[in-house]
Amino acid sequence: MRILCNGEAREIASGIRVTDYLNQLGLDALSVVVECDGKILTREEYGSHALQDGAVLELIRFVGGG
Amino acid sequence: MALLVNEKEVPFHTGMTLADLARAQGGDAADILLVNGYPATVQTALFDGDQCWLWKRGKVPSADEMQHLLYARHSPGVQACLQEKVVGIMGLGGLGSVVAIALARMGIGSLLLVDYDVVEPTNLNRQQYFVDQIGQKKTTALQDILRRVNPHVSVVTIDRRLAEDDIGVVFKGVHVLVECFDDPAMKAAGLRAALHHLPGVFYVGASGLAGYGENNAIRTRRLYPGIYLVGDEVSAAAPGAGLMAARVGIAAHHQANQVVRLLLGAENEAE
């Protein structure tokens, strides 16, 4: 199935959960804010929310330092 | 015909000297005398339009005097707005200490500062603390610095490690929340908490400011209406790419200026 991630079309496994998708991208889920179809996911939803075909994902990734 | 004495207009009469101004001021004798930016003495003759400063060494400006100084520098409209606003800062390291000092210098009304950490020797390469503050709580150390910068800013500190769930409670009611954490997980937590629990509060976060990369790669990006992210978004703090005063300072001052822009309505949030 296809999703749009930060404006780019991506082919992903059907029904994959957000945490697993972030891990596939090599990202630490804890350091990413996820907007899915216009909604900001809560921390708890990362593990439970399964991506649907056509989902529009915006990832805001943070790096350390302050 | 007039002089500007300590930023206030005073009528000028031909033949006036600084001694006349000092006498008119009364009280403690001023021992710092400046005319048009240069050191002067009580005998110095004055001319129409001169800008004079008479100050007693060590005197702390009153709230009125400080306000007048800021009015003269920033314009009354700008200052009247800033001095009514409350800004929260999460984390008082290289970003937070710089943001707090910049906002205090600009005469922000109130600061709510939260950190759990103590000043360590390794902080001094970029954070605004002093050698004699090593071992102090950052909340205490920064409060002392801010008192010396502008004693009329109301500063409230909370010495505690923030968690995602309490950010919305601790910072309820601030006008702007500035995220200055070091830990990327807390940076993400801060943004999530603001988006979920602080509707109507402006937010300025930061990510990507380590090393000595290009100045202009640090930018201020609008994520959502009233929600901004400062940094190059890629330069993580890591061995060999440490946090350095200059670049952290660039990012911190992006944040501080973005706070001012938001408070003064310079951002068109409808766009």
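Figure 1. Chain B holds 8 helices and 12 strands, where helices (H or I, at least four residues) and strands (E, at least two) are DSSP runs numbered from the N terminus. The model is predicted, so that local features need pLDDT of at least 70 and side-chain atom pairs count only at pLDDT 80 or more, while totals for chains, interfaces and linings use all residues. Residues are numbered from 1 along each chain as its sequence is written, and chains are lettered from A and ligands numbered from 1 in the order in which they are written. Along the principal axes, the C-alpha atoms of chain B fill a box of roughly 65 × 45 × 35 Å. Of the 271 residues in chain B, 38% are buried, a residue being buried if 20 or more other C-beta atoms, placed from the backbone, lie within 10 Å of its own.

**Figure 2. The two domains of chain B.** An automatic or database domain assignment supplies the bounds, which divide chain B into domain 1 (2-59) and domain 2 (74-263). The C-alpha centres of these two domains of chain B lie 39 Å apart.

**Figure 3. The side of chain B that touches chain A.** Here 28 residues of chain B are in contact with 13 residues of chain A, contact requiring that the C-beta atoms of two residues, placed from the backbone, lie within 7 Å. Helix H7 (residues 184-197) of chain B contributes the largest share of this side, 8 residues. By class, the side of chain B has 16 nonpolar, 7 polar and 5 charged residues, with Ala, Val, Leu, Ile, Met, Phe, Trp, Tyr, Cys and Pro counted as nonpolar, Asp, Glu, Lys and Arg as charged, and the others, Gly among them, as polar.

**Figure 4. Strand E1 of chain A and its partners E2(A) and E5(A).** Strands pair if DSSP finds at least two bridges between them. Strand E1 (residues 2-5) runs antiparallel to strand E2 (residues 8-11), to which 4 bridges join it, and pairs in the parallel sense with strand E5 (residues 56-61) over 2 bridges. A:Leu4 stands opposite A:Ala9 in E2(A) and also opposite A:Val56 in E5(A). The hairpin of E1(A) and E2(A) has 2 residues between the strands, and in this hairpin A:Asn6 takes a positive phi near 45°.

**Figure 5. Strand E3 of chain A beside E5(A) and E4(A).** Strand E3 (residues 32-36) pairs with E5(A) in the antiparallel sense over 5 bridges, with A:Val32 opposite A:Arg61. E3(A) also pairs antiparallel with strand E4 (residues 39-40) over 2 bridges, where A:Ile40 is the bridge partner of A:Glu35.

Technical notes. Buried ≥ 20, exposed ≤ 12 C-beta atoms within 10 Å, placed from the backbone.
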